[in-house]
Amino acid sequence: MHTFWLVVGAVVAVAALTGVIYALRRQHYLNEVRELGWSHDSNPTLAEVSDLGTPPFSMGLRRSIDELVAGTTPGGFPFRVFEYDYTGAGPKYSGRVAAVQLPISLPAVFVCDAGHERVGIALGGQELVQAADGDLRAIADDAGLVQEVLASAGGTIAAFARAAGRADLSVDGSQLVACGAPKDPDDLKAFLAGLDPVVHALAGSASLAARQVPPSVGSGFYGHPDWQFVGGDDSVLDVYPTSREGYGHRVEDLIRGLRDGIRLDAFTHTWKTDHTVTETDSEGHTHTRTVTDHHSEAVCGFILPFALPSISLNGRRVGEKVRFESTDFNDAFTVRTDNARFASDVIHPRMMEWLLARRPYGWSVTGSVVDFEVPRHDLLLVDACEEALRGWLGRFPRFVWQDLGLQPPPFLVE
């Protein structure tokens with residue numbers, strides 16, 4: 001017993017010492033921040049960065065901000081540095097980000113090392129172009145913008161990359177954003193000083209000044225201004241083919257959108273089931289207890305403004321299986337339909353070629369309802385499904401739309 005209390009005392013003493021060391025280090029850090037004339041907020045809100053709208057911002061389902069430091073750079077430009085996290089859009093993002101105020105506001109452009117690219121920058125079907133300058137790449141939706149950014153600021157960005165160890169920058173409206181900012185105040189000061197020449201180069205370019213746009217607004221979904229976070233709406237469970245077993249059915253993290261008349265509903269469906277477990281104790285007595293199991297499924301569905309014959313591509317069983325003249329296509333896709341002629345008309349050779357190149361997640365169409373087979377609720381997957389659906393519908397021949405008595409969609413591919 002004496003030994004036990006010695007161990008407990010030692011554990012408590014170590015915990016107390018650790019707490020004291022942490023508190024001293026924390027206070028030393030805060031003192032360094034204030035000595036530089038900066039402010040510190042240990043409990044900031046996402047509203048503090050609501051003006052940032054390009055990746056890593058406006059991404060994911062769960063977003064958080066922490067440890068906000070604000071002030072002016074050595075060159076006199078206002079800045080914010082903070083820890084930013086999101087989940088639900090590919091791999092979890094967690095990093096320290098610096099945002100420095102630009103004297104001008106520009107369209108989104110990303111500048112990074114040759115082997116690096118920010119996740120999500122092509123969402124919404126954006127057609128991006130890029131140009132290289134040594135080890136740097138600039139990426140945007142405008143070739144002229146890419147060239148002008150490299151011409152005006154490529155040298156200063158390369159110098160920053162050499163000092164910081166890498167380049168992971170973007171122009172987000174009136175902010176120059178740099179991922180990978182250090183936490184140590186002295187290191188952060190040097191990091192910000194390296195961004196000052198980049199700000200001067202961008203602001204001093206007459207060609208870029210002519211490209212000014214209104215400052216961006218974040219907090220939505222990058223590349224998808226029509227998407228909204230609804231959260232919960234259990235009525236969608238009656239629209240899509242979701243599991244009906246058990247009880248306690250709930251819709252979580254619902255994203256809803258409307259584009260070209262096509263409605264999106266993407267969410268997580270959760271429910272519970274019970275089962276009885278019989279156990280025998282050491283004395284031979286038998287007991288039963290009820291165990292509750294928790295289940296979930298990802299749903300990515302769309303409602304079309306028109307009805308189509310039932311058809312599925314690697315989706316649910318909605319009719320008879322049909323085969324096509326391409327062995328490669330038949331090996332990769334299982335097509336079922338209740339209208340073989342319709343399937344033959346829309347799965348033409350160019351459609352097969354496109355599907356084989358894209359390899360989208362499987363989906364099924366029943367009337368006006370489309371549901372995709374996705375492994376998880378993830379905004380990158382939802383974006384991919386939306387683009388796959390639009391690409392498929394957009395490649396229907398005109399005569400198919402005429403036979404259906406419908407107008408071709410505005411995204412028709414000819």
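The model is predicted, so local features need pLDDT of at least 70 and side-chain atom pairs count only at pLDDT 80 or more, while totals for chains, interfaces and linings use all residues. Residues are numbered from 1 along each chain as its sequence is written, and side-chain values use heavy atoms, with hydrogens and water left out.

Helix H7 spans residues 349-358; helices (H or I, at least four residues) and strands (E, at least two) are DSSP runs, numbered from the N terminus. Its buried residues are Met-351, Met-352, Trp-354 and Leu-355, where buried means under 20% relative accessible area, exposed over 50%, and partly exposed in between (1.4 Å probe, protein chains only). These four sit on the same side of H7 because they cover an arc of only 165 degrees around the axis, the arc being that of the directions from the helix axis to the C-beta atoms. They pack against strand E11 (286-313), helix H5 (327-332), helix H6 (340-346), strand E14 (363-372) and helix H8 (379-394).

Turned away from that buried side is a face with the exposed residues Pro-349, Arg-350, Glu-353 and Ala-357. Arg-350 has a relative accessible area of 53%, and its C-alpha atom is separated by 28 Å from that of His-224, 126 residues apart along the chain. After H7 comes Arg-359, with a positive phi near 50 degrees.

Over in strand E10 (residues 262-280) lies Thr-268, which is buried at a relative accessible area of 16%. Leaving aside neighbours within four places in sequence, Thr-268 is in contact (heavy atoms within 4.5 Å) with Arg-250, Val-251, Glu-252, Ser-296, Glu-297 and His-377.
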